Amino acid sequence: MPDQPLSARINIRASEKNVPLSIVIELTNACNLNCYYCYQRHSRKTNELTTSQWVRILGQLADAGTMYLVFSGGEPFTRHDIFDLIGEARRLNFAVGLISNGLLIDDRAADRLASLGILDIGISFHAADAGLHDELSGFPGSFDHARSAVMRLRKRDIKVAIKHTVSSRNFCQYQALQKMADEMDCLFECESIVFPDTRGAVSPFALTQEQHARFLREMGASFRPEACGDRDNLHCDAGRSVAGIIPDGTVVPCIQLPLALGNLTRQSFSEIWDGPSSREFRESEQQIDSACLQCELHGFCGRCHGLAWWETGRWQGPSPGLCGRARAAKEILHSKS
């Protein structure tokens with residue numbers, strides 16, 4: 001543990017003590033885009049909490065020991081009260097991040113974000129090619145809007161991460177986006193796992209094993225052969241040091257694992273977090289299926305309970321998408337040895 005960064009050590013202790021260090025809040029399912037792979041398109045009529053309800057919840061999260069909040073959606077800037085909520089979160093000394101498509105971030109919005117002192121903001125890009133990005137977002141001109149938002153934010157010294165999901169529809173755009181991020185002095189966060197938009201099926205846009213291998217080689221991903229035999233990488237901090245809250249106030253272990261632990265319109269956060277549903281989830285999280293525990297690929301597996309739930313309907317078992325990526329990782333390691 002002494003060789004680990006301070007942030008990693010804090011997260012480990014928080015996970016051990018079930019302190020909800022980091023919370024992702026989906027303020028709304030409403031969005032001004034119609035992205036090709038979005039798994040939220042079928043839930044955009046969900047009831048949303050009011051400003052006063054969210055303010056009350058933010059106070060409860062502060063009391064529970066939460067330090068980092070991420071406001072997302074849908075598109076969080078479609079909420080008329082987004083700056084009021086960011087302001088309240090900053091008043092309570094939360095470190096605040098956001099995830100946005102950038103379309104509604106004009107000069108005035110960028111000025112307000114700078115004055116509020118947010119920690120960072122992720123702007124989503126489907127491609128470095130403007131035409132392809134616009135096609136995949138379902139909105140002509142969305143690439144130019146997003147790029148302009150990044151420039152506005154960087155001009156004000158706001159930390160920006162260009163976020164990208166690699167799929168079969170935009171494969172090989174990641175290197176150009178990495179270059180764009182470097183040129184704009186941004187971080188680049190790239191993920192090769194695509195969530196399906198319906199439960200019980202692998203996304204039609206998921207990468208093949210060959211595409212996973214190429215992506216991992218070209219992006220210089222590193223693998224830990226010493227992790228083989230270490231079963232800790234099959235577990236997750238969901239429901240321990242991290243959690244999610246969806247627009248109607250339901251608390252979930254993770255935004256991508258929508259198992260209801262309770263609803264904040266009926267209970268306080270502490271009642272839910274320390275309650276029977278949360279305890280049951282934490283206990284059952286230790287019971288990963290034997291198929292995963294005994295798998296020869298587990299040392300290469302960046303397991304995600306949420307993806308397994310979406311792809312198979314069972315969050316404790318194998319995920320076809322992650323199994324393919326693990327096989328690709330093993331193939332690369334063996335080719336280097």
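Me: How are H3 and H4 oriented relative to each other, parallel or antiparallel?
Reply: In this predicted model, H3 and H4 are roughly parallel to each other, because the angle between them is about 10° and angles under 35 degrees count as roughly parallel. Their axes lie 10 Å apart. H3 covers residues 82-91 and H4 covers residues 107-116.

Me: Which residues make the contact between H3 and H4?
Reply: H3 contributes Phe-83, Ile-86, Gly-87 and Arg-90. From H4 come Ala-109, Arg-112, Leu-113 and Leu-116.

Me: And by class, what is in that contact?
Reply: The contact of H3 with H4 has five nonpolar residues, one polar residue and two charged residues.

Me: What does Ile-121 touch?
Reply: Leaving aside residues up to four places away in sequence, Ile-121 touches Phe-77, Leu-98, Ser-100, Ile-105, Leu-113, Leu-153, Ile-158, Lys-159, Val-160 and Ala-161. Leu-98 and Leu-113 in that list are also among the core residues with the most contacts.

Me: Which residues does the second, separate core include?
Reply: The second core has six residues, including Tyr-36, Ala-127, Val-194 and Phe-205.

Me: Changing topic to Met-180: buried or exposed?
Reply: Met-180, in helix H7, is buried because its relative accessible area is 6%. Its contacts, not counting residues up to four places away in sequence, are Phe-125, Phe-143, Arg-147 and Ile-162.

Me: How far is Met-180 from Arg-112 in space?
Reply: The two residues are 25 Å apart, C-alpha to C-alpha, and 68 residues apart in sequence.

Me: What about Ser-241, buried or exposed?
Reply: Ser-241 counts as buried, because its relative accessibility is 0%. It is found in the loop between H8 and strand E7 (242-245). Beyond four places in sequence, Ser-241 touches Asn-11, Ala-14, Ser-15, Val-19, Pro-20, Leu-21 and Ser-22.

Me: Which residues of H8 are buried?
Reply: In H8, residues 209-218, the buried residues include Gln-211, His-212, Ala-213, Phe-215 and Leu-216. H8 is followed by Gly-220, which has a positive phi near 70°.

Me: What is the phi of Asn-93, and where does Asn-93 sit?
Reply: Asn-93 is not a glycine, yet its phi is positive, about 70°. The residue is in the loop between H3 and strand E3 (95-100), and it counts as exposed because its relative accessibility is 67%.

Me: And Asp-185, what is its phi?
Reply: Asp-185 has a positive phi near 60°, again in a residue other than glycine. It lies in the loop between helix H7 (174-183) and strand E6 (187-191). With a relative accessible area of 54%, Asp-185 is exposed.

Me: Which peptide bond is cis?
Reply: The bond from Gly-73 to Gly-74 is cis, with omega near 20°. Gly-74 is found in the loop between strand E2 (68-72) and H3.

Me: Last topic, confidence: what is the average pLDDT of the chain, and where does pLDDT stay under 50?
Reply: The chain averages a pLDDT of 91, and 93% of the residues score at least 70. Over residues 222-231, pLDDT stays under 50, and the model has 14 contacts beyond four places in sequence for them.

Notes:
Residues are numbered from 1 along each chain as its sequence is written. This is a predicted model: local features need pLDDT of at least 70, side-chain atom pairs count only at pLDDT 80 or more; totals for chains, interfaces and linings use all residues. Side-chain values use heavy atoms; hydrogens and water are left out. pLDDT is the predictor's confidence in each residue, from 0 to 100. Contact means heavy atoms within 4.5 Å. Axes are lines fitted to C-alpha atoms, for helices over the stretch in contact, and angles run from 0 to 180 degrees between N-to-C directions. Helices (H or I, at least four residues) and strands (E, at least two) are DSSP runs, numbered from the N terminus. Angles under 35 degrees count as roughly parallel, over 145 as roughly antiparallel, 65 to 115 as roughly perpendicular and the rest as oblique. Ala, Val, Leu, Ile, Met, Phe, Trp, Tyr, Cys and Pro count as nonpolar, Asp, Glu, Lys and Arg as charged, and the others, Gly among them, as polar. Buried means under 20% relative accessible area, exposed over 50%, partly exposed in between (1.4 Å probe, protein chains only). A nonpolar core is a set of buried Ala, Val, Leu, Ile, Met, Phe, Trp, Tyr and Cys residues joined through side-chain atoms within 4.5 Å.
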